[in-house]
Amino acid sequence: MSLESWLDFARGPLFRLCFSLMILGLLRILVLTILGMKEAWDRSADKIVPWRDLTVQTAKWLVPVSSLWRKRPIYSAVSVVFHAGLLLVPLFLPAHVLLWKRAVGFAWAELPQALADWLTLAAVAAGLGLFAGRVFHSAARALSRRQEYVWPLLLVVPFATGYLCSHAVLSPRAYQWLMLLHVFAGNLILLLIPFTKIAHCVLFPLSQYVSGLAWKFPPRAGQRVAETLGYADRPTWVERPRVATDRILTPTEEA
Amino acid sequence: MARVRRLKFFLWALTGLAAAVGVFRFLFGLGAATNLSDAYPWGVWIGFDVMSGVALAAGGFIVTATVYIFKLERFHVIVRPAVLTAFLGYVAVAVGLLFDLGLPWNIWHMLIYWNPHSPLFEVGWCVMLYLTVLTLEFLPVPAEEISRLASVRRFLVKIRLPLVIAGIGLSTLHQSSLGSLFLIMPEYLHPLWYSPILPVLFLVSAIGLGLAMVIFESHTTAYFYYRKPETHLMASLAAAARWVLVVYLALRFADLAWRGQLHHLAGAGWQVWWFWFELAVMAFVPIAIFSLPQTRRNQTWQWAGALFGVAGVVLNRVNVGGLMHQGRGDRLYWPSWTEITISAGIVSAAVLAFLFFIEHFRVWQERPVDPEADPRKLPELSAVGATWLGVPVVANRTVYSLAFVGAAALGFALIHPQPASSRGIVPVPVHNARGADVLWIDGNLDGYGVAFPHADHEKREGGKKSCARCHHMNLPRDKASPCGVCHRDMYAPSDAFRHDWHAGPRGAALPCVKCHTPGRPRTKETAKTCDQCHKDLVAEGAVIKVKQYQAPSYTEAMHRLCVGCHVERAASRHKPDMPRCAWCHKERRRFVDAPDLDFRGLRAPGSEVVLPPLPESKSKR
């Protein structure tokens, strides 16, 4: 297959697959979470849930400069810039709006090209900055999973390639390779959104309620789990600070 | 429960795929989503979903009649599954019909706007009424679990006998009236399938199929739920099914013989083989299996015989419903993958509903219990991701919803939106005219062309300097480029600008910014126009001025050019026939196999066309 047909494939069927998987997958995770919340609510013995406090908490976390601003101002600011770029540029870049208009027949407002360019550069810089923060900040490193390192870098790829494609003077072949990378990285991002931490784009409004409800499981739930596992004589809470070696022994090891 | 779990995963995926295709069908219509056409208006949705679905549901009225009318109480254990099968079968029929009919919000019209002359009117009413009866027959089962519905349940049990009788009446009416639909097409349906007693044949085969379906369903669910199979009970059903099928065979051949149509069996053609194949699957094999005592009492053989019977009747319905309609164009109908997907998805959804009912209500004497759901069971890690997905309810919905969503996304990826907007325009590439002094203009090479006296035209219009009259644009550094270079499609407009010639690696491989303004979206608005680089594109003295990149189709370009000029000349030279079709379209022969075509004299012997004189008022356009 030639480069052109790979591009057609990536922009056509592959994009439709990834995009619809993102939409449906996010809907799925939303419905599953709400179902889980409902079950927790049904099974909880006391139905006193601080709905108001949870709502206030959710609203507070929506404001980017509130609590984090005081503790880690640089991280907070960079994160806001990153999010602005991630949300605005893919949706409102003039060239993307044009693609949508060709595909579905209608279009929406566009960002001015100059603003989009600056946002793109800012998002690239912010993504690299966030990655550096993960790597060099020891507290962040201790909290990070593998996907935490991959995501900022992966998100930077389509921004960088897209900027190069629209601004650098390139040979057609180099342009096509970069464009292919751009589209494939974009598709990969769409595909991964509902299955990774980026699902917070729909789960964010629920997260405070989920934590609130999680405490409402039936009384003695922990005790019963321990009994089921055969550790009825052990306490169901961790008394010491948790360290890596503190794992539950299997029955054979215990014997 | 591992078997059921795998089955459900598969069914949810199929349902998801069908859901995506269903969205596509309702957005873009039948033409885009199916291979149906005016010649083949009824396809697999009618033949399989509706006609076979109704036949598959026949088990409901047969078993209720056996138990409640004939009082054969030993069959009582299979009443509930049979009624449930019938109920879900009819729901599937209604849903399948909605996909075929479209405009689902108009479905109530049948209640208000009566057309009592139409068999479809009768079919529609039967579906509605029988679906109601089946709902009322099955409702006591879920009502057992809901204490609020106790009085409803008592009432329904009280009126069960009238319901059963109504069900039998409606069902027999409906099974046979599906056959009577085809009585109006004796000349379309193949004579081996057409019969004036089609209603009777449909009814009898539906009874046979209903019995086979009960056997098939019982053994299949027994396999999936690790149940003890009801082999003994099924053996008596198999024995009954055998006699029904024998009666069916006798009726079918007696009808053919009585109407003198048996000679078709001696004829050639794949239809005869297909006829024997259908009868073998539908009758010969099941009769053989159900007749031998060893095989009749064996669980696996019973299942195989029932499967053959079910497949055969479905084949019969598909044949009568569309495949054996002949004399409608030379192209055979074959369902598109979207049609098959929708049908499969409807069946999957019905099976999922069936499994839901047997797991949650007392359809069987005891409900199947998932050993995984035992609270004392130790949690097991799932194969993927080595995590515990939760109790079976949670784990199942996590996995099944993933199957559904993934398959639906795959469906959206597979469906190409292009056919929705442009099916019907088949690209027909243009071939340039061939010849020298006389050119044979036949862009699509179908043999119907125009012999164009090129040299004569050149001489008459003033020699070399007249080229630009027709050759209004040329390729760079070319003179008199052929028409088909830009007018590339016979019937559709084509793009005269070749992007690949400019930017492609095999073309000039120019960087984008050579034409496009840097830093702006690369559209034709931000690009240079052709003449900013190519100074010699437009021929000197060209009459036709090009203002856009879209070149009209080859036929349109040729006609506009020639006819326009001929209209002018017709007036000045007093030749009123010049702008008429036959002035140029004289030769109706293939260029290659017409060696005797007189190209010097331009007119093949005997091809003169006499035209009525053109009215004066219309001679000028």
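The model is predicted: local features need pLDDT of at least 70, side-chain atom pairs count only at pLDDT 80 or more, and totals for chains, interfaces and linings use all residues. Residues are numbered from 1 along each chain as its sequence is written, chains are lettered from A and ligands numbered from 1 in the order in which they are written, and side-chain values use heavy atoms, with hydrogens and water left out.

**Chain B overall**

- Chain B has 23 helices and 5 strands. Helices (H or I, at least four residues) and strands (E, at least two) are DSSP runs, numbered from the N terminus.
- Chain B holds 621 residues, and 44% of them count as buried. Buried means under 20% relative accessible area, exposed means over 50%, and partly exposed lies in between (1.4 Å probe, protein chains only).
- Take the contacts in chain B between residues at least 6 apart in sequence: 71% of them join residues at least 24 apart. Contact means heavy atoms within 4.5 Å.
- The accessible surface of chain B is about 33100 Å², with 66% of it on carbon and sulfur atoms. Accessible areas come from the Shrake-Rupley method with a 1.4 Å probe; for residues, only the protein chains shown count as cover.

**The interface of chain A and chain B**

- On the chain A side, 29 residues are in contact with 31 residues of chain B.
- The two chains, A and B, bury about 2300 Å² between them, and carbon and sulfur atoms account for 65% of it. Buried area is the accessible area (1.4 Å probe) that two parts lose on being put together, summed over both.
- Three residues, A:R16, A:R28 and A:P172, supply 24% of the area that chain A buries against chain B, more than any other three residues.
- The rule finds 1 salt bridge across this interface. A salt bridge is a side-chain nitrogen of Lys or Arg within 4 Å of a carboxyl oxygen of Asp or Glu.
- That bridge pairs the side chains of B:R397 and A:E39, at 2.7 Å from N to O.
- Between chain A and chain B, 8 residue pairs are in polar contact, with both residues at pLDDT 80 or more. A polar contact is a pair of N or O atoms within 3.5 Å; within protein, one must be able to donate a hydrogen and the other to accept it, and residues adjacent in sequence count only if both atoms are side-chain atoms.
- Five helices of chain A, namely α2 (13-43), α6 (94-104), α9 (146-167), α10 (172-192) and α12 (221-229), each supply at least two residues of the side that touches chain B.
- The largest share of that side, 12 residues, comes from α2(A).
- By class, the side of chain A that touches chain B has 16 nonpolar, 7 polar and 6 charged residues. Ala, Val, Leu, Ile, Met, Phe, Trp, Tyr, Cys and Pro count as nonpolar, Asp, Glu, Lys and Arg as charged, and the others, Gly among them, as polar.

**Salt bridges**

- Over all chains, the count comes to 16 salt bridges.
- B:K464 pairs with B:E458, with the closest N and O atoms 3.5 Å apart. B:K464 is exposed at 67% relative accessible area. B:E458 is partly exposed at 22%.
- B:E461 pairs with B:R569, with the closest N and O atoms 2.9 Å apart. B:E461 lies in helix α19 (residues 454-461) and B:R569 in helix α22 (residues 554-572) of chain B, so the pair ties together parts 108 residues apart in sequence.
- B:E461 is partly exposed at 27% relative accessibility, whereas B:R569 is buried at 15%.
- Salt bridges that share partners join A:R145, A:E148 and A:K197 into one network.
- A:E148 is buried at 8% relative accessible area, and A:R145 is partly exposed at 47%.

**Two buried residues of chain B**

- B:D255 lies in helix α12 (residues 231-258) of chain B. B:D255 is buried, at 6% relative accessibility.
- Leaving aside residues up to four places away in sequence, B:D255 touches B:S195, B:P196 and B:I197.
- B:V363 sits in the loop between α16 (337-360) and α17 (392-414) of chain B. B:V363 is buried, with 2% relative accessible area.
- B:V363 and B:R80 are 283 residues apart in sequence, yet 5.4 Å apart in space, C-alpha to C-alpha.
- With residues up to four places away in sequence left out, B:V363 touches B:R80, B:P81, B:L84, B:F138, B:V141, B:F357 and B:I358.
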